[in-house]
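This briefing is meant to be read beside the sequence and the 3D view.

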Amino acid sequence: MKFTGFLLLFCFSLTTSAQVSFGVKGGLNLNFVSVNADRSSSISQRHLKLENGIGTHLGGFMMVPLSAQAYFKPGVTLIERGAGLANDDYRVSLYYADVPLLFQYKITRAFYLEAGPVASGLIAAFEYSAIQQKMVNVSKAVESFSFGASIGAGYFVTPRLAVTASVYRSLTMAWNHTLRDESNRPAGTIDYFPGNVSVGVEYHFKK
């Protein structure tokens, strides 16, 4: 969270520029979790089957012009990620404060592409068990910081309102799971990397 705080201070220091403008955004995510398994013969494919989940995101951003078509677009986004492990009958919900550091390029006056790194600080993580019918805070079992990348596009339907779509994937492990055999000996590990496909809207406060 200290690194995320530093990024926030850096981003907001850019507001001293007279050319900077601001906006807000929100929408829905189709969340997924990628896996990297230690290919031990004892790891069966049933441990790798995942169900996608639905989440939301809400945040703000600033637009720092670099040229007539290019912008630096840092921001802060509160986002819910996670997924369910189908055969283990539980679901993990991860709540992050994202700091995307995106670079946007306008192809036309209305259509743009953007991409860049995303630093994420974990706010909380919860595991819901359908068998036990209870939710447990598992924040200590999840990495407090993650780093990923995002790529997306947008289209201005009005001079201030844009519809957006993007794909994000964490490049660092969020949590892992150690499998054990019948004698309770380690039988391999699985690392989990959260990601999401997002759709939403942005509103730009033009100067």
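The model is a predicted one, and its protein chain contains 1 helix and 11 strands. Read along the sequence, the pattern of the protein chain is α-β-β-β-β-β-β-β-β-β-β-β. Of the 207 residues in the protein chain, 44% count as buried, and among contacts with a separation of 6 or more, residues 24 or more positions apart account for 65%.

**Ser-170**

- Ser-170 has its place in strand E9, which spans residues 161-170.
- A polar atom of the Ser-170 side chain lies 2.6 Å from the backbone oxygen of Thr-172.
- Once neighbours within four places in sequence are left aside, Ser-170 is in contact with Ser-146, Phe-147, Gly-148, Phe-193 and Pro-194.
- For one of these residues, Pro-194, the C-alpha atom is separated from that of Ser-170 by 5.7 Å, although the two residues are 24 residues apart along the chain.

**Asn-31**

- Asn-31 is found in strand E1, which covers residues 21-37, and Asn-31 counts as buried because its relative accessibility is 2%.
- A polar atom of the Asn-31 side chain lies 3.1 Å from the backbone oxygen of Glu-80.

**Strand pairing around E6**

- Strand E6 (residues 111-129) runs antiparallel to strand E8 (residues 145-156), and 11 bridges join the two; within this pairing, Gly-121 has Phe-145 of E8 as its bridge partner.
- E6 also pairs in the antiparallel sense with strand E7 (residues 134-137), over 4 bridges, and here Ser-129 stands opposite Lys-134 in E7.

**The cavity**

- The structure holds 1 cavity of 30 Å³ or more, and the volume of the largest cavity is about 280 Å³.
- The lining of the largest cavity comprises 21 residues, and those nearest its centre are Lys-25, His-57, Ser-150, Ser-166 and Ser-198.
- Two or more residues of this lining come from each of strand E4 (70-85), E5, E6, strand E9 (161-170) and E11, with E11 giving the most, at 5 residues.
- By residue class, the lining of the largest cavity divides into 7 nonpolar, 8 polar and 6 charged residues.

**The largest pocket**

- The largest pocket has a volume of about 170 Å³.
- Its lining is made up of 13 residues, of which Ser-21, Met-63, Tyr-71, His-204 and Lys-206 are the closest to the centre of the pocket.
- E1, strand E5 (90-106) and strand E11 (186-205) each supply at least two residues of the lining of the largest pocket, and E5 and E11 are also among the elements that give two or more residues to the lining of the largest cavity.
- The lining of the largest pocket divides into 6 nonpolar, 4 polar and 3 charged residues.

How values were computed. Residues numbered from 1 in each chain as written. Predicted model: local features only at pLDDT ≥ 70, side-chain atom pairs only at ≥ 80, totals over all residues. Heavy atoms only, no water. Pairing = 2+ DSSP bridges. Buried < 20%, exposed > 50% of the residue type's maximum accessible area, 1.4 Å probe, protein only. Polar contact = N/O pair within 3.5 Å; in protein donor to acceptor, adjacent residues only side chain to side chain. 1 Å grid on protein atoms, 1.4 Å probe; cavity = no way out; pocket = protein on both sides within 12 Å on 5 of 7 lines; lining within 4 Å. Points joined across faces, edges and corners; volume = space filled by probe spheres on them. Nonpolar A, V, L, I, M, F, W, Y, C, P; charged D, E, K, R; others polar. Contact = heavy atoms within 4.5 Å.
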